Amino acid sequence: MLTETNSGFDKVRWWIRLYSYITFAAILYGVAAAHIPAIIGVPWSSCEFCDCKWACVLVFHLYEVPLVAFNTFFAWYGLKRFSVVTIHNYNSLLTFAIVSNLAFFTFESLLLLDNVKSNAPTWESIALTSVALILVGGAGFGLYVKQKLVSCLYQTDKA
């Protein structure tokens, strides 16, 4: 039976906390990378040829904000709500987090391809590459944490 004091559960909780803190750091980096250039007066070239720049920015936010909001909730859940009682809920959320990070990675990769085709400034390609790598790395690390979690659940069910 799985309990809060079970050493297997403690190991999984450690990995989940680490993953949650890394997710928060990645969110802060991504939000900063997306907004600081415009704040300092060097806007992204993605909407350069749009007639209505606000509409272009709105489209970006309609796609990205729900994913960022979910990842923020998920990281908070891992730090504040994860327990023996919520372990199965967390496992489901983790699966969706991995998938959403891969979807977000695909979006950033497409933006990067557009930037390369349009000869956008190098700083934009570097920023998009860094965010894409963080997203695919987060998905990979999420898979690792999921395997730790599944192993813990399997050993508990076996006992």
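User: Which residues make the nonpolar surface patch of about 500 Å²?

Analyst: Happy to start there, keeping in mind that this is a predicted model. One member, Val 42, lies in the loop between helix H1 (7-39) and helix H2 (53-80). The nonpolar patch covers about 500 Å² of surface, and its members are Ile 36, Ile 39, Ile 40, Val 42 and Trp 123.

User: Is Val 42 buried, partly exposed or exposed?

Analyst: Val 42 belongs to the loop between H1 and H2. Buried means under 20% relative accessible area and exposed means over 50%. Val 42 has a relative accessibility of 37%, so it counts as partly exposed.

User: What distance separates the end C-alpha atoms of H1, and what span should its 33 residues have?

Analyst: Good check to run on a helix! At 1.5 Å a residue, the 33 residues of H1 should span 48 Å. The end C-alpha atoms agree with that, being apart by 47 Å.

User: Which residue just after H1 takes a positive phi?

Analyst: Here we look just past the end of H1, where phi is about 90°. The residue with that positive value is Gly 41.

User: Which residue other than glycine has a positive phi near 55°, and is it buried or exposed?

Analyst: Look in the loop between helix H3 (87-117) and helix H4 (122-158), which is the place of Asn 119. Phi of Asn 119 is near 55°, a positive value in a residue other than glycine. With a relative accessible area of 70%, Asn 119 is exposed.

User: What is the relative accessible area of Glu 124, and which residues does it touch?

Analyst: Glu 124 is part of helix H4. Its relative accessible area is 0%, so Glu 124 is buried. Not counting residues up to four places away in sequence, Glu 124 touches Pro 43, Trp 44, Ser 45, Ser 46 and Asn 115.

Key
Residues numbered from 1 in each chain as written. Predicted model: local features only at pLDDT ≥ 70, side-chain atom pairs only at ≥ 80, totals over all residues. Heavy atoms only, no water. Patch = residues over 30% accessible without salt bridge, like charges linked within 9 Å, V, L, I, M, F, W, Y side chains within 5 Å. Areas by Shrake-Rupley, 256 points an atom, 1.4 Å probe, with all protein chains shown as cover. Salt bridge = Lys/Arg side-chain N within 4 Å of Asp/Glu carboxyl O. Helix = DSSP H or I, 4+ residues; strand = E, 2+ residues; numbered from the N terminus. Buried < 20%, exposed > 50% of the residue type's maximum accessible area, 1.4 Å probe, protein only. Expected span 1.5 Å × (residues − 1). Contact = heavy atoms within 4.5 Å.
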